[in-house]
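Reader: Hey, can you walk me through this one? I'd like to start with how the chains meet.

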Amino acid sequence: MSQPVESVSKGRVLVVDDDASLAEMLTIVLRQEGFDSLVCDRGDRAMAAFHEYRPDLVLLDLMLPGLDGIDVCKEIRSESGVPIVMLTAKSDTIDVVLGLESGADDYIVKPFKPKELVARVRARVRRLDPPGNDTLSIGDVQIDVAGHSVTRGGRAVNLTPLEFDLLVCLARKPWQVFTREILLEQVWGYRHQADTRLVNVHVQRLRSKIEHDPENPEVVITVRGVGYKAGTS
Amino acid sequence: MSGRTLPAAVRRGLTLWRRSIQARVVLSTVVLSALVLIGVGWFLLQQTRDGLLDHRVSAVVAEANEETRSARLALEGALGTDLDASTQRTELVNPIIERGAVRGFSVALMKPGPEQSGGTSIFSPGLDLASIPDSLREHFVDHTTTARTFTQINAGGAHPESVPGVVVGSTIRLPADGSVYTLYYLFPLDEEQETLNLVTRSLATAAGVLLVLVAGLTWLVTRQVVTPVRMAREVAERLAAGQLQERLRVRGEDDLARLATSFNQMASNLQRQIRQLEELSRVQRRFVSDVSHELRTPLTTVRMASDVIHDAKQGLDPVTARAAELLQTELDRFETLLTDLLEISRFDAGAAVLDPEDVNLVDVVHRVVESSRLLADQRGSTLIVRAPDEPCLAEADVRRVERIVRNLVGNAIDHAESGDVLIIVAHDDQAASVAVRDYGVGLAPGESAMVFNRFWRADPARARSTGGTGLGLSIALEDAHLHGGWLQAWGRPGEGSQFRLTLPRHLGQTLRHSPIPLVPTDAEEKV
């Protein structure tokens, strides 16, 4: 099923979905767009497939036999920062937030248009590599942009690429307050129809990793009614 | 002013009176008992006093008569001329005065009529002659019979203050000067007064003790009734607050116990009903969620397949290409319908929740107009917004409000028949409102209530041109109700229609009026 010519492939996508037709359809659409893909139809086999396939992105259904999509997401997150896009049939706030909190970078609600899916997959796979090889800092957090590493007080902090991008985006312009819409555009690469809950949840996750006290954030500060900015000091 | 500056104690007392049956019953019982006791006591005192006085007065009169008789006897025995009048008077009266001093009465000998100058009066030492009332003296001007009256006696000496007493007067003729004199005997009634005082004090004490007893008894008796009622009230309040497992304790078999039993039965029934409803609602929500998932997954596949075919339609023959196009548009409609249905079932299940914030309706209207402009242009309609410069704020769920306005505007464009669509925004300190006016076919009488029915069509024969699902206005109405707001329609055949959304400024406030009239001003004169 994977394309033989490796150089053409824009990336490898692991599709974890128990619905065979949808999985095949996803494969077709992804192949049209130049993505390689592998289908896994059970939650409890997802990790094995992940290890074997080493994908650049995971498309993960929430309802899976064997192991729930949320748990699969947590397991992948525990060992890798690879982008995860959740496929969900539920647009209720609780389900979406639960999915994002378990580590997904983004979600897409069924039924979706193929173009929408492709746009999101592209945005996540072709990460806008921040130009410049400089070192940024917010407070005692040091960001090595070229090396993709973050340290706080000398200790390395493990961030997913998305969280890293979010932090770099804020750190580059510490004087600016970013609205959620601007962050969605600059970090996620969306222009329209985006869900600002994405930003809220990822800011929470980022804080839980880099703040000393996530309840009283010093690195990523909320500006009430506007958005977020990098902490001073 | 007095109403506002009532002392706190009085206000507390009034509150207690209003709110406590016990206080009311105790107080009214005490007041009534006090009235009865005062009446009975007054009657008893009257009886005692009359009895005492009658007894004493008859004794007094007898004694006075006896004295007068012996005085007359003494005068008759005396010679008419051997003494002058003053000596005779002294000799006559002094023994009586002495006896009076021993037995406790005072004596006075006077000429009848008002007091004259010249010392013809002889009286007990220290006696104030004013103690003999003038009326009695007047009496002896014309009469010679014995008379008596009550008075205040100021006898001086042993009785320095005036005490109640009885005066008995009788006339004697003095042989020395042949004139008529009156002998007054003044008997103090202080012993009777003391007896009466004692009786009064005893009665008052007894009444006081009785009142306290009555108050205590009433308090105890009402407490027996009021305490269970109060407990029932507390339990009812807790039930109302959602603590459905609360029950009353049933003790004994009396009326209160039966009340408690019925109350508990009612609570159990309520609890069961509520549990059932909760269970139903949970099942419904679960079902909606499952249907959602089960329908959406295949729809996604179909949708993607259709897109792939649609993208490749250049390579297809015209018939298949058209089929692909139809498939595409109908899938869009199907998707919208599914979304709307799920939304409606969410309302039905009571699972719809608000995500409120301060929403500026002017912004919402401009966003909706922006996104609907393309559709309006296709239909040849112009969207006109009439909004104030300042923001029209309402505490609302922006997603839902935008959906309502989008529905209203879309609906108006559908029925405007290429006419203008006017969108009015207004607010006051209570409410914010959006009205959408079109000048199209309008609504027949009675239809303005039916437009919000699910899948309702003004004219079943009329083709549905714009893929509306028929649920848009129903959802909009549910959305408005979720905010505690109004969504109302006005319409007249040939004159178009107006849909008005009114939202309270703050969630939970009750709407009383809308800043925009439901019947548009340009249609009023034809009423």
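**Chains and contacts**

Author: 14 residues of chain B are in contact with 14 residues of chain A, where contact means C-beta atoms, placed from the backbone, within 7 Å. This is a predicted model: local features need pLDDT of at least 70 and side-chain atom pairs count only at pLDDT 80 or more, while totals for chains, interfaces and linings use all residues. Residues are numbered from 1 along each chain as its sequence is written, and chains are lettered from A and ligands numbered from 1 in the order in which they are written.

Reader: Which helix gives the largest share of chain B's side?

Author: Helix α6 of chain B (residues 255–311), with 13 residues. Helices here are DSSP runs of H or I with at least four residues, strands are runs of E with at least two, and both are numbered from the N terminus.

Reader: And by class, what's on that side of chain B?

Author: Four nonpolar, six polar and four charged residues. Ala, Val, Leu, Ile, Met, Phe, Trp, Tyr, Cys and Pro count as nonpolar, Asp, Glu, Lys and Arg as charged, and the others, Gly among them, as polar.

Reader: Switching to sheets. What's the strand order in chain A?

Author: An open sheet of five strands, β2-β1-β3-β4-β5, with parallel pairing. Strands pair if DSSP finds at least two bridges between them.

Reader: Why do β2 and β5 of chain A have one side without a neighbour?

Author: They stand at the edges with a single partner strand each, so one side of each has no neighbour in the sheet. For β2(A), the link to β1 (residues 11–16) of chain A is six bridges, running parallel, and V16(A) sits opposite C40(A).

Reader: OK, helix packing. How do α9 and α11 of chain B cross?

Author: Their axes come within 9 Å and cross at roughly 145 degrees. Axes are lines fitted to C-alpha atoms, for helices over the stretch in contact, with angles from 0 to 180 degrees between N-to-C directions. Residues meeting there include R400(B) and I404(B) from α9(B), and L473(B) and D479(B) from α11(B).

Reader: Last one: which residues of α8(A) are buried?

Author: Among them are L198(A), V199(A), H202(A) and I210(A); buried means 20 or more other C-beta atoms within 10 Å of the residue's own, with C-beta atoms placed from the backbone.

Note on methods. Two residues are in contact if their C-beta atoms, placed from the backbone, lie within 7 Å. A residue is buried if 20 or more other C-beta atoms lie within 10 Å of its own, exposed if 12 or fewer, and partly exposed in between; C-beta atoms are placed from the backbone.
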